[in-house]
Amino acid sequence: MTNDATHPSGSPAAPAGLFSYAPAPESRAVVDIAPSYGLFVDGEFREAADGGVMTTLSPATEEKLSEVAHAGEADVDAAVRAARTAFTGWSALPGAERAKYLFRIARIIQERSRELAVLETLDNGKPIKESRDADLPLVAAHFFYYAGWADKLEHAGFGPAPRPVGVAAQVIPWNFPLLMLAWKVAPALACGNTVVLKPAETTPLSALFFADICRQAGLPRGVVNILTGDGATGAALVGHGGVDKVAFTGSTAVGKEIARTVAGTGKRLTLELGGKGANIVFDDAPLDQAVEGIVNGVFFNQGQVCCAGSRLLVQESVHDELLTALQRRLRTLRVGDPLDKNTDVGAINSAEQLARITELADSGEAEGAQRWTAPCDLPSQGYWFAPTLFLGVSQAHRVAREEIFGPVLSVLTFRTPEEAVAKANNTPYGLSAGVWTEKGSRILAVSQRLRAGVVWANTFNKFDPTSPFGGYRESGFGREGGRHGLEAYLEH
Amino acid sequence: MSTDRLNVLKTYKLYVGGKFPRSESGRVYEVTDSKGNWLANAPRSSRKDARDAVVAARKAFGGWSGATAYNRGQVLYRVAEMLEGRRDQFTAEVAAAEGLSRAKAAAQVDAAVDRWVWYAGWSDKVAQVVGGANPVAGPYFNLSTPEPTGVVAVIAPAGSSLLGLVSVVAPVIVTGNTAVVVADESAPLPALSLAEVLATSDVPGGVVNVLSGSAAELGAPLAAHQDVNAVDLAGTAGDTGLATELEVAAADNLKRVLRPAPTADWSAAPGTGRMLAFLETKTVWHPTGGLGAAGSSY
C-alpha cells in the first residue's frame, strides 16, 4: 500500500490497473453547520450548565465541523425532568395524534434527506452513497412504520391496553448516528414514552439536526431531549433515578457495565451490542453473488457495523476460487473522499477507532495469519484503513474472536456443514450470520442451528423497519424493529 | 398401636441429568412442616452440584430444543397425566409443606396439573403467536421465529411449593429451554418429588434438574455461570439484596433476567410473559428473485 502524498486527498483513489474515475463530489452547500450547538432540553437549545463544550471533527479531513455542548450531571437531571413533565401529556395523547406527529417527522426527514445525508457523511466519514441510499431512507421508513403503530398498540399482542413505560434513556453509537436515533426514538414515542437521547461523542450533529426537525414538526416540548456528551454523560443518564427504561447500542463491554448499573433498580433494559458474524459459503454457492455479499458484509460502512460478516467461513473445496474472485473484487473498491459519489469505502470514524483496528490487525499478523491489503491510495489527511483480509486464520486468533469493527475480514475454512455451524457458533456473540448455498434445505437446516438473531441467506446486511433485529447471547437482548420492537417500550 | 406398620420413609435426592444423586457435598438439612415437625432430610446442594446440573442441562439442550413442538407438547401433557396419578401423594406433601388443609392442598395440586396441560398446548402455538412473516420493502422473504434462549436457572418461588414451581418450570421448558431449578429452601419436598414425575414422563434427562438448598448459596454460582443463558429470579421476591446481587452477577455474560414480581398470585391465569422472557427472535432473510423477464405477468 502506498500513501501517495501527491494524490489530492479530495478524490477517490484510482483502482490499480483500471480506468480512473473523475471526482464526483456531492455538494456541501446543502447543509449549513453552525459553529456551535447547545443541548436540546425541554424544547430549547441551551448551553451545558457548567459551560462544557467539545469539538466534532470530520474524520475524512480532521477539520473541525462544530463545537457542541458537553452535558454533565446537572444537564442530565434537567433533561430527565423535562421528559418526565412532558410524559404526562404525551402519554395521554390519543394514539392517532401521536401517530400524526411521527408521520410529520418521517415526511420532514424525507424532505431534508439530502441535507441530512451530507451532514451524516461529514460527521461520520461514511460514503455519501451509503448515507444517501441506506441510512436516510431507512431513517424515514422507520419513523413512518412506527407512526402507524401509535394508534394500534392494543392489537400488537401486548395485552388489550398496553401502557408506555415512562422516560426512556437512550444511548446510541457513532456508526449509524441518525439511523440508531430512529431505531430508538420512533418506537419509544409511538408507544407514548418520552426520551432523553445521547448521541455518540464523535457524531453528535445529526441528532441535533433531528432536534430541529422536532421543532418543525411541532412536537411538544420535552418529548425529545438530546444531550451531547461523552461516556460520562451516558453513564450519568442511564444511572439517573428518574429514568424508567434504558436502551443502549454499542460495545459489549459497556453494555455489561450498564446491565450492572441497572441491576436492582427495576429499570427496563434492552441492549444491542457487538458481534463477530460468520458468513458461511458452501461449495455450491453462486460465487459471484457471494463475493458481492462478502464485500457488502464486511466493507459496508467501513466494517463499522455490529452485524458485520467479519468471519468468512468458506468450504475448503472452493477456498482458492472464492479468494481469487474476492481479491479481484477488492482491488476495484474505491477508497477515499466520503462525499464523492463514486466512493465505496470512506473514512474510519475516529483516531481512536483507527488505533483499535490497527492494533487488532497487527495482532493478526503477529499471531501468524497471512495479511493481504487491497492496493489503494489513502488520503494523507483523516483516518483511513485499507480493506484487509487475513488468510489462514485459526479460531484461536484474536482476529477470529474479537470484534474489529473495521474493514478487516478473517478467512477460515470448513469441510462439513456441521463444522461450519460449530465454528460459526464458536463465539460469545450471536448477532448475525450469513449462509450462501443454492440448496434450500441446507439454508434452512443451517439457519436453524445458527445462534444468531438475524441470518441472511444468499444476501447480507439487509435492514427494514418491519424486521426485528437484535442478538443472542453477549450480543445483547431485546429486539428493535417490527412488532417485536414495541415490547421494550410498553408495560405489559 | 403396636399393630401399626412402621412406614417406609423416602430418602429425598436431587435430580440431575435424569438421575437421582445425593449432594456431592454429603450435606443435608432438616425439612419440617409448618408446625416444626420433622418431615425429611433434604440434600443441601453445593456449588459443584449446581455446576453439574448446568452441564446436564446444556447436554440436554440440543435434543430438547430440536424436538418437534408437537413432541414437547405431548411430553408436557404426559407430565400432567403422571402428576394426576400421584394426586394423593402430592396433596399430602403440599399440605405438609405449606400447612394447608387437605382440600386446599388438593386444589393446589389440581391447579398444578392444569397448568402443565395449559403450557403443553402452547408448544406448537407460540411460534405462530409471536413469530411470522415481515413485509419488508424489497424483494426478500423475511421470517421471524422464536427460539429457546438455552439453559435457564430458575430460583423457584417461596410459599407455593408445587403450583408456584410448576408455574415457573413449565414455561421455561415448553419452548425448548432446559432448566436448573433451585427449589424453595423451606419447602423442597414437592419439588424433589416432582422430579420423580418428570423422570417417568418422557422428559429427557437433563431437561429439568432440581436442586434443594439455599437460594443464596446456589443462586450466586448459577447467576455467574458462563454457560447459563438466563435466570428467573422468582424466588428472590422479598430479598432485594439477593435479587440485585444475582442480577449484577448475571450481567457478566448478559444473561436474560426475569426479575421477581413483588407479589405473585400463582393461581391467576399466567399469560405468555414467562414463556416470552426466555425466547430469542431469529429473523431469516432470503431474496425472492424474479421469474425471468422483467414485468412478467406470471
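Over residues 24-257 of chain B, how much of the chain is helix and how much is strand, and how far apart are the end C-alpha atoms? Over that stretch the chain is 50% helix and 18% strand, with the end C-alpha atoms 28 Å apart; helices (H or I, at least four residues) and strands (E, at least two) are DSSP runs, numbered from the N terminus.

This is a predicted model, in which local features need pLDDT of at least 70 and side-chain atom pairs count only at pLDDT 80 or more, while totals for chains, interfaces and linings use all residues. Residues are numbered from 1 along each chain as its sequence is written, and chains are lettered from A, with ligands numbered from 1, in the order in which they are written.

**Whole chains**

- Chain A has 14 helices and 20 strands, and its radius of gyration is 22 Å, close to the 23 Å that the globule rule gives for 492 residues, so chain A is as compact as a globular protein of that length. The radius is taken over C-alpha atoms, and the globule rule is 2.2 Å times the number of residues to the power 0.38.
- The C-alpha trace of chain A spans about 65 × 55 × 35 Å along its principal axes.
- Chain B contains 10 helices and 10 strands, and its radius of gyration of 21 Å is close to the 19 Å that the globule rule gives for 298 residues, so chain B is as compact as a globular protein of that length.
- Along its principal axes, the C-alpha trace of chain B spans about 95 × 40 × 35 Å.

**Annotated domains**

- In an unreviewed entry, UniProt places the feature "domain: Aldehyde dehydrogenase" at residues 50-491 of chain A, where the chain is 41% helix and 17% strand and the end C-alpha atoms are 36 Å apart.
- The UniProt annotation "domain: Aldehyde dehydrogenase", again from an unreviewed entry, covers residues 24-257 of chain B. UniProt positions are given in the numbering used here, feature names are shortened, and annotations may be inferred rather than shown by experiment.

**Where the chains meet**

- In total, 32 residues of chain A are in contact with 28 residues of chain B, where contact means that the C-beta atoms of two residues, placed from the backbone, lie within 7 Å.
- On the side of chain A that touches chain B, helix 8 (252-262), helix 14 (440-449), strand 18 (454-457) and strand 19 (476-477) each supply at least two residues.
- That side of chain A divides into 13 nonpolar, 12 polar and 7 charged residues; Ala, Val, Leu, Ile, Met, Phe, Trp, Tyr, Cys and Pro count as nonpolar, Asp, Glu, Lys and Arg as charged, and the others, Gly among them, as polar.

**Helix pairs**

- Two packed helices are described by the angle between their axes and the distance between the axes. Axes are lines fitted to C-alpha atoms, for helices over the stretch in contact, and angles run from 0 to 180 degrees between N-to-C directions.
- In chain A, the axes of helix 3 (residues 113-124) and helix 6 come within 9 Å and cross at roughly 155°, and these helices of chain A are therefore roughly antiparallel to each other. Angles under 35 degrees count as roughly parallel, over 145 as roughly antiparallel, 65 to 115 as roughly perpendicular and the rest as oblique.
- The axes of helix 2 (residues 95-111) and helix 6 (residues 205-217) of chain A come within 9 Å and cross at roughly 125°, and the two helices are therefore oblique to each other.
- In chain B, helix 3 (residues 87-98) and helix 7 (residues 189-199) pack at an angle of about 160°, with their axes 9 Å apart, and they are therefore roughly antiparallel to each other.
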